[in-house]
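Thanks for coming. I will take a few minutes to walk through one structure, and the sequence and model are on the next slide.

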Amino acid sequence: MQFVKMVITGPFSAGKTEFIRSISEIGAVTTDETISRDAPEYGIKPQTTVAMDFGRITVDDDLVLYLFGTPGQRRFDFMWEILAEGMLGFVVVVDSARPETFREAKSILETFRAYAPTPYVVAANKQDHPEAWTPDDLRIALRIDDHIKLLPCVATDKESVKNVLLELLYAILDEMDA
Amino acid sequence: MALKGNLADFSTTQILHLINLAKKTGTLRLYEPVVTKEMIADGAGHKRPRIIPGKERATATFEQGRLVLAAMGDHDGHLASVLHKAGKLNAEQARVIRERGSKYSDKALALMLINANYVTKADIVRSIRQHTLDIVYDVMTWQREPFVFEENVSPPPGRITVPIDLKNVIIEGTRRAREIKPLEEELPNLDLALKFPESPGDKFRGVRLSVEEWRVVGFVNPKNSIHQIAKACSMTDTEIRRVVYGLLQAGLVELVRPPGMAPPKVQAADGTRRTLPQGAQVKRSVVERLIARIKEA
């Protein structure tokens, strides 16, 4: 049996957990915790990922794809390195409607690029939000090179998530051909 | 679709860079910041009060990626005031023209002033250009104002617009930047090198650089790290950051990893710094099977 791994990363509350839930064949195993009143994130969203999200897509008896979602908060970033080890590629999920997270998105992207020179794509999530920045504007805002795929995404929509994962796999194939 | 945000997260320099690169047409509006009790989280999960737009403080209008007009709440943008500020009219002339010319648009008033030999067309263009730049340079020092960029919103009819290339505005605005911390966030790694973008001749056309900036440009080469350029130009880290940041935002140079540069080391969980193992090695057939599976999901 062969296992391959992709990492779904991005800033706090970017939609990583939803992304995995939309495509995973098992109810995604999440380690969401209710945010305590003392935590700085209290009042922002009811739960947050403290270790990782975990989804699975079985190809056949010999091959399984695992999706690992990273915790978005910096205080859990010690987990990123562990999750990144041996990844086939990664997806950076960005909340297109919250420019206050763009700087962190760029920083996370650079960190994961430093972990391993694997292909990656950027998912411009929440494109259904009325205040979402367009993928073209996000590319400039995040300084994403033209050869990196930046894809519109709605993480709650399975077809949209499928498209992002397929584009990542195509990028991996391109890298193999290069 | 409007671009909304706060200068604390996306600076005026970055907005101008975006407008320049995307050749956008529209109007940027900046508002007084009103701090609320509601809390929001930034990308790292740190909580902070939500800032909402208050009274409009300034506007800047762009056509095809060029700055054409700016106005600020406490600056009277009337043509007579602009010409008075530029020294082309005295206070009394400006007052009379404002009173008698209130029913005319700026364009109509300008024609009358030119025909009456008060000013020349060049005087008007120069004065409006300087008025626009003064406002935008001021705005570039603001740090927490909410902003909205509305696409395809043109200047009010009758206003005189003077197209200004944003590359020079970005470089000059960066020279005037007081706050250094954002530069360190934007350009943390001085071991990276610089290269020219495609068709640099077009990009540099009409750009006015200082002697210091030209010296840096002279060393742009994917083989030279920014540190090496700083050393060759006898610049401190802060000085080179300021110059490179301006050139980057103006789209005149791009960052590149110099040849032979080792992959960056990362902070391990135990605090040590090391290079992590490479990504997984899989066969092409595995990826193709994954593609087929996800397609049918």
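Before the tour, one term: a crossing of two helices is called right-handed if the near helix is turned clockwise from the far one by less than a right angle, and left-handed if the turn is anticlockwise. Please also keep in mind that this is a predicted model.

In chain B, the crossing of helices H5(B) and H6(B) is right-handed. H5(B) covers residues 121–139, and the two helices pack at an angle of about 50 degrees with their axes 10 Å apart. H5(B) and H6(B) are therefore oblique to each other. Which residues of H5(B) meet H6(B)? They are B:Leu133, B:Val136 and B:Tyr137, and on the H6(B) side they meet B:Val169, B:Glu172, B:Gly173 and B:Arg176.

Helix H1 of chain B runs over residues 12–22 and H6 over residues 166–176; their axes come within 10 Å and cross at roughly 165 degrees. That angle makes H1(B) roughly antiparallel to H6(B). The crossing of H1(B) and H6(B) is left-handed. From H1(B), the contact uses B:Thr13, B:Leu16, B:His17, B:Ile19 and B:Asn20. From H6(B), it uses B:Leu166, B:Lys167, B:Val169, B:Ile170, B:Gly173 and B:Thr174. By class, the contact of H1(B) with H6(B) has five nonpolar, five polar and one charged residues. B:Val169 and B:Gly173 are in the contact with H1(B), and they are listed for the contact with H5(B) too.

Let me step back to chain B as a whole. It has 12 helices and nine strands. Is the chain compact or spread out? Its radius of gyration is 24 Å, well over the 19 Å that the globule rule gives for 297 residues, so chain B is more spread out than a compact globule. Along the principal axes, its C-alpha atoms fill a box of roughly 80 × 50 × 40 Å.

The domain assignment divides chain B into domain 1, residues 3–164, and domain 2, residues 179–256. The centres of these two domains are 29 Å apart. Six residues of domain 1 are in contact with four residues of domain 2. On the domain 1 side, one of the touching residues is nonpolar, five are polar and none is charged.

Next, the other chain. How many residues of chain A are in contact with chain B? The count is 52, against 43 residues of chain B. Several elements of chain A give two or more residues to this side, among them strand S3 (47–60), helix H3 (102–115) and helix H5 (158–177). The chain A side divides into 30 nonpolar, 10 polar and 12 charged residues.

One helix pair between the chains is worth a slide. H5(A) packs with helix H12 of chain B, residues 284–296, at an angle of about 165 degrees, the axes being 10 Å apart. That makes H5(A) roughly antiparallel to H12(B), and their crossing is left-handed. H5(A) brings A:Lys162, A:Leu165, A:Leu166, A:Leu169, A:Ile172, A:Leu173 and A:Met176. H12(B) brings B:Arg284, B:Val287, B:Leu290, B:Ile291, B:Ile294 and B:Lys295. By class, the residues of this contact are 10 nonpolar, no polar and three charged.

That is the end of the tour.

Definitions and conventions. Residues numbered from 1 in each chain as written. Chains lettered and ligands numbered in written order. Predicted model: local features only at pLDDT ≥ 70, side-chain atom pairs only at ≥ 80, totals over all residues. Axes fitted to C-alpha atoms, helices over the stretch in contact; angles between N-to-C directions. Helix = DSSP H or I, 4+ residues; strand = E, 2+ residues; numbered from the N terminus. Parallel < 35°, antiparallel > 145°, perpendicular 65-115°, else oblique. Contact = placed C-beta atoms within 7 Å. Nonpolar A, V, L, I, M, F, W, Y, C, P; charged D, E, K, R; others polar. Domains from an automatic or database assignment. Rg over C-alpha atoms; globule rule 2.2 N^0.38 Å.
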